[in-house]
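Let us read this structure together, one question at a time. Keep the sequence and the 3D view open.

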Amino acid sequence: MFLEIDRCAATSELRALEAALQEILGEVRLTVGDFAAMKAKVAELLTWLDRRPAGVEEGELAEVKAFLDWLRNDRFTFLGYEEFIVEGDGETAVQRYVPDSLLGLSRRLRGRPETAEITLSGEPLRYLREPVLLSFAKAADPSRVHRPAYPDFVSLREVDASGRVVREHRFMGLYTSSVYNDSVREIPYIRRKVDEVRRRADFDSSAHLGKELAQVLEGLPRDDLFQTPVDDLFSTSMAIVQIQERSKVRVFLRRDPYGQFFYC
């Protein structure tokens, strides 16, 4: 591949461009070099789930396992992997990455002393302390590998018998196009949320409102379906159904758990 650029007049601009290209190619090498290792981590975590983590309901465990298996079958472009612990029981705590765990882009993002630890408080800290098995979020910076989108975080949390989160295993990457084209009924974990929303609504699936709700759930952004708790997903979906009945316009706002984005 040969690229010729003839519109950089200054030598400093050419050097800056060269440095940026070298840096991005280095990121590509990191992700490609560790791609197999990151997929192997999924298999390793599936084996851990087979041992039935404490306090996890059987139906949820089955869906989480199905989701991870679905994810590794060409539904996710793995960019990075990291493990971290949150130390401290007060209103502030330290998020400390485990150096030996870092793969792909996480080697660059978390491997330096100034990025290996993060001080947390408020909503981000409360979120990371929630004893949930599977969680979702967005990375703060756009990817420079594969496509210029904000990468997704898919995390598994280890929770002890007292309900305290002791470690988080986190994959960073980009969903492939099939995730955005597949029906919500075919995506593990999301389909469980969708079924719960429809159960709470208690509409006849063959009636007008039942079909309307099904259409709303299919049309919601995948980010919302992954990240939004079931209670909020239910209230939002029902409000949209009501709006369509009344021909009104509304804005729905959702803040991400790390406080870095608003979804509108």
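Q: In which sense do S6 and S7 pair, parallel or antiparallel?

A: This is a predicted model, where local features need pLDDT of at least 70, side-chain atom pairs count only at pLDDT 80 or more, and totals for chains, interfaces and linings use all residues. Residues are numbered from 1 along each chain as its sequence is written, and side-chain values use heavy atoms, with hydrogens and water left out. Strands (E, at least two residues) and helices (H or I, at least four) are DSSP runs, numbered from the N terminus, and two strands pair if DSSP finds at least two bridges between them. S6 and S7 have 8 bridges, and their sense is antiparallel.

Q: Which residue in the turn of the S6 and S7 hairpin has a positive phi?

A: The hairpin leaves 5 residues between S6 and S7.

Q: Which residue of S6 stands opposite Ala137?

A: S6 also pairs with S5, in the antiparallel sense over 5 bridges. Opposite Ala137, S6 places Phe153.

Q: How many of the residues of S6 are buried?

A: Buried means under 20% relative accessible area, exposed means over 50%, and partly exposed lies in between (1.4 Å probe, protein chains only). S6 spans residues 152-159 and is mostly covered. The buried count is 6 of its 8 residues.

Q: Why is Phe203 classed as partly exposed?

A: Phe203 is found in the loop between H7 and helix H8 (208-219). Phe203 touches Arg198, Leu209, Gly210, Leu213 and Met238, not counting residues up to four places away in sequence; contact means heavy atoms within 4.5 Å. Phe203 is partly exposed because its relative accessible area is 27%.

Q: What is the volume of the largest pocket?

A: On a 1 Å grid over the protein atoms alone, a pocket is an open set of points where a 1.4 Å probe fits, with protein on both sides within 12 Å along at least five of seven lines; lining residues have an atom within 4 Å of a point. Grid points are joined across faces, edges and corners, and a volume is the space filled by probe spheres set on the points. For the largest pocket, the volume is about 630 Å³.

Q: Which residues lie closest to the centre of the largest pocket?

A: The largest pocket is lined by 23 residues. Closest to its centre are Lys193, Gln227, Thr228, Pro229 and Val230.
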